[in-house]
Amino acid sequence: MLLPFRFENNTFWLLDQRKLPFEEVWVPCQTARAAAAGIREMVVRGAPAIGVTAAYGMVLAHLSGEDLAEAEALLRQSRPTAVNLFYALDRMRPHWGDLEASLQEAQAIWDEVRKTEQAISQHGARVLRGRVLTHCNTGPLATGGYGTALGAIVEAYRQGRVTHVWVDETRPYLQGARLTAYELQKAGVPATLITDNMAAYLMGRGQVDAVIVGTDRMALNGDFANKIGTYGLAILARYHGIPFYPALPLSSVDPSLEQGDQIPIEERPAQEVTFIRGQPIAPEGFPAAHPGFDVTPHHLITGIVTEKGVLYPPFDEALRAALGKE
Ligand code: MRU
């Protein structure tokens, strides 16, 4: 299985996802500062994967003798939208000052990623069939486990339920073209790359049977943030009568948020829109907007795929029950 990181000899190694699929370069992190930079600069990305990296970042802080509060602050500031980062750091707090305990907790967080994604893949596979469209990257590289939405797709393919995958290239950062295509190729799943603006055409011709995506943060009513472009796909799916599913571990639900408009959305550099792999694609100095995520309202969702099963409306009640809040 592909792995986005490994912990060896007191070093947390990150597979540089900025260079994939062309080069496999491993970046060593020996401090929380280095782990935070790895998250900020998207050496590692994907909601569960940055959670695990933040947890190991705190282990590195213990090993390197960094000030723990400063280390945690650096990690907290690295990226704003995926709640997994904050979830992992909250779990590490009770173990501050105890290297052995903090290492065990980081390992537990990573183990839980694998375990929950096995369940997500099984539950998700049952609702998928035919030709499935996905957005961004939700496979092993994004999580450190089997993957969420992509885990379900691969499992459904192995069960003979899914026959083909449409891979959105995911402008502007191209996680679909570079990473999802790479993962599906390695997994031997038949797939076709499309640009994001081709989805409506394919849906209109009856060539998409389901859409499944990942999730960076879900509010208690089921509204969720995911990679920019997800909201548009949800609207298209509803218009064409195609089932639309977000997949996520329940740790991606933020129990402090009632609805999605409270989710902080990352603003990324305009240059990621105006340049592709160092090549300008717009007049010099031309302004560009780059919100990294959008929020899909819960009423566009068919079902929410979690490790506890697929949740159906009313989502606020189903999520509270799944979180054990009833
Ligand atoms: O900006 P990225 O590449 O970190 O965004 C990743 C996504 O939006 C994924 O869909 C999301 O993290 C779900 S992870 C399984």
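**Helix packing and buried spots**

The axes of helices α1 and α3 come within 8 Å and cross at roughly 5°. That makes α1 roughly parallel to α3, since angles under 35 degrees count as roughly parallel. Keep in mind that this is a predicted model.

**α1 against α3**
- On the α1 side, the contact uses Ala32, Arg33, Ala35, Ala36 and Ile39. These meet Ala71, Leu74 and Leu75 of α3.
- Sorted by class, the α1 and α3 contact has seven nonpolar residues, no polar ones and one charged one.

**α1 against α2**
- Helix α1 covers residues 32–40 and helix α2 covers residues 47–64; their axes also come within 8 Å, but cross at roughly 165°.
- With that angle, α1 runs roughly antiparallel to α2, because anything over 145 degrees falls in that class.
- The crossing of α1 past α2 is left-handed.
- From α1, the contact draws on Ala32, Ala35 and Ile39. From α2 come Ile50, Thr53, Ala54, Gly57, Leu60 and Ala61.

**The nonpolar cores**
- The largest nonpolar core holds 35 residues. Phe5, Phe12, Val52, Tyr56 and Leu75 have the most contacts inside it.
- At least two residues each are supplied by strand β2 (11–15) and by helices α1, α2, α3 (68–76), α4 (84–92) and α5 (99–127).
- Helix α2 gives the largest share of this core, at eleven residues.
- Another core, of 28 residues, lies apart from that one; Ala199, Val213, Ala234 and Ile304 are among its members.

- You'll find Tyr56 in helix α2.
- Its relative accessible area is 2%, so Tyr56 is buried, the cut-off being under 20%.
- Leaving out residues up to four places away in sequence, Tyr56 touches Phe7, Phe12, Leu103, Ala106, Gln107 and Trp110.
- Tyr56 and Ile109 sit 53 residues apart in sequence, while their C-alpha atoms are 9.6 Å apart in space.

**Ser78, in a loop**
- Ser78 belongs to the loop between α3 and α4.
- At 6% relative accessibility, Ser78 counts as buried.
- Not counting residues up to four places away in sequence, Ser78 touches Ala36, Ile39, Arg40 and Leu85.

**α7, mostly covered**
- Helix α7 spans residues 149–158, and eight of its ten residues are buried.
- The buried ones are Ala149, Leu150, Gly151, Ala152, Ile153, Val154, Glu155 and Ala156.
- Packed against these buried residues are helices α5 and α8 (175–187), along with strands β4 (130–134), β5 (162–168) and β7 (210–213).
- Just past the end of α7, Gly160 adopts a positive phi of about 80°.

Technical notes:
Residues are numbered from 1 along each chain as its sequence is written. This is a predicted model: local features need pLDDT of at least 70, side-chain atom pairs count only at pLDDT 80 or more; totals for chains, interfaces and linings use all residues. Side-chain values use heavy atoms; hydrogens and water are left out. Axes are lines fitted to C-alpha atoms, for helices over the stretch in contact, and angles run from 0 to 180 degrees between N-to-C directions. Helices (H or I, at least four residues) and strands (E, at least two) are DSSP runs, numbered from the N terminus. Angles under 35 degrees count as roughly parallel, over 145 as roughly antiparallel, 65 to 115 as roughly perpendicular and the rest as oblique. A crossing is left-handed if the near helix is turned anticlockwise from the far one by less than a right angle, and right-handed if clockwise. Contact means heavy atoms within 4.5 Å. A nonpolar core is a set of buried Ala, Val, Leu, Ile, Met, Phe, Trp, Tyr and Cys residues joined through side-chain atoms within 4.5 Å. Buried means under 20% relative accessible area, exposed over 50%, partly exposed in between (1.4 Å probe, protein chains only). Ala, Val, Leu, Ile, Met, Phe, Trp, Tyr, Cys and Pro count as nonpolar, Asp, Glu, Lys and Arg as charged, and the others, Gly among them, as polar.
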